[in-house]
Amino acid sequence: MLAVACGDSSTAPQYVETDYTVTTLGDSTFTATGLNNAGQIVGSFRAGTVPEHVLIDHGTTTDLGPCAPDGINDDGVIACLNGTLWRNGTTTPLPLPPNFVLFSIGVNDQGVVAGAGITPHSAGDSEPCSQGCAFIAASGRLILFPGLAFGFLQMTHGTDVLIGGSIWKPDSTSTPYTCAGLPANSSAYVWGGDHEVIGRTAETKPANTLKSDAFVCRGGAMVSLGSATSRANDISESGLIVGTMDNGRGFLWNNGKLTVLGRIGEYTGAFVTDAYRVNDAGQIVVTTTVGQTLLLTPK
């Protein structure tokens, strides 16, 4: 695979040969919703009327049945949008309100579960989640946050959860989350290690065009990932970040160094269009211009 290493902005980017082993996960109907540090991947194929939910573990594919996966922790525990946790073929129901419909859910390495959903209601219904709510489930205890949003794609690191602009702990105590320099029109949506989050800003440019730049909140302050980046999609516990460039190419950001992922050697004319999952080992799940979903593993 070819990549562009962008370090010092005063020097021209250089095309370099990156050393990845490429594994095909599926075609464009496959969406990976989780990648853990053990290299396990969860996701769904949506080629037919009924989605097929799967766990891909080093070449072995396991059907997850009704478990629509929305994340997996390092112990192989999968958070399912049907309100259960799946591990080694055993499902455990979460203590959610009756008829609760999940929008998002994640599980971290300590078994803390967080997500958001809604309880369907009729006019005048007083259900606590009738207008939607976030939640934390830990050690059999459920904490509801009516009206607050849980906007993260994944929640796999640490024991805390970012909800409504505050860091919440499983004991229901909270402290404000601070990120100096973060514009008011920004959105943060993925929680990493050491209270780091990634997201993107949105700014109206001349000619009334909208430009978004990717960022990470690191050490309590916003750090831009570069003006050529449009969206950060995932962050590992160690701080590796993947996302999408303005030119429709995927990127990897590692402590200030931006690498633009380019051509896939195994597929003639194929380029990485998006990088949307990464783990601490540097494995990256990407999509390409030829409609393939791939796992890139550093050699």
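**Strand pairing, aromatic pairs and selected residues**

Strands β17 and β18 pair in the antiparallel sense, over 3 bridges. Two strands count as paired if DSSP finds at least two bridges between them. Strands here are DSSP runs (E, at least two residues), numbered from the N terminus. This is a predicted model, in which local features need pLDDT of at least 70 and side-chain atom pairs count only at pLDDT 80 or more, while totals for chains, interfaces and linings use all residues. Residues are numbered from 1 along each chain as its sequence is written, and side-chain values use heavy atoms, with hydrogens and water left out.

**The sheet with β17 and β18**

- Strands of a sheet pair through backbone hydrogen bonds, either parallel or antiparallel.
- β17 and β18 belong to an open sheet of 3 strands with the order β16-β17-β18 and antiparallel pairing.
- β16 (161-163) and β18 (174-176) are the edge strands, and each pairs on one side only.
- On average, neighbouring strands of this sheet are turned by 30° against each other, direction ignored.
- For such angles, axes are lines fitted to C-alpha atoms (for helices over the stretch in contact), and angles run from 0 to 180 degrees between N-to-C directions.
- Ser166 has Pro176 in β18 as its bridge partner.

**Aromatic pairs**

- The whole structure holds 3 aromatic pairs.
- Rings of Phe, Tyr and Trp (its six-membered ring) pair if their centres lie within 6.5 Å; planes under 30 degrees apart count as stacked, over 60 as edge-to-face and the rest as tilted.
- One of the pairs is Phe100 with Phe135, which is edge-to-face, at 6.0 Å centre to centre and with 80° between the planes.
- This pair links distant parts of the chain, 35 residues apart: Phe100 is in the loop between β11 (90-93) and β12 (101-107), and Phe135 is in strand β14 (residues 133-138).
- Phe100 and Phe135 are both buried; buried means under 20% relative accessible area, exposed over 50%, and partly exposed in between (1.4 Å probe, protein chains only).
- Phe145 and Trp168 form another edge-to-face pair, with 4.5 Å centre to centre and 65° between the planes.
- Phe145 lies in strand β15 (residues 141-146) and Trp168 in strand β17 (residues 166-168), so their pair ties together parts that are 23 residues apart in sequence.
- Phe145 counts as buried because its relative accessibility is 5%, and Trp168 counts as buried at 16%.

- Strand β23 (residues 229-235) is mostly covered, with 6 of its 7 residues buried.
- β23 runs antiparallel to strand β24 (residues 241-245), and 5 bridges join them.
- Arg231 stands opposite Thr244 in β24.
- The two strands, β23 and β24, form a hairpin with 5 residues between them, and Gly239 in the turn has a positive phi of about 100°.

**Thr84**

- Thr84 is in strand β10 (residues 84-87) and counts as buried because its relative accessibility is 13%.
- The side chain of Thr84 makes a polar contact with that of Asn82 (2.7 Å).
- A polar contact is a pair of N or O atoms within 3.5 Å; within protein, one must be able to donate a hydrogen and the other to accept it, and residues adjacent in sequence count only if both atoms are side-chain atoms.
- Leaving out residues up to four places away in sequence, Thr84 touches Ile78, Ala79, Thr91, Thr92, Pro93 and Leu94, where contact means heavy atoms within 4.5 Å.

Technical notes. Helix = DSSP H or I, 4+ residues; strand = E, 2+ residues; numbered from the N terminus.
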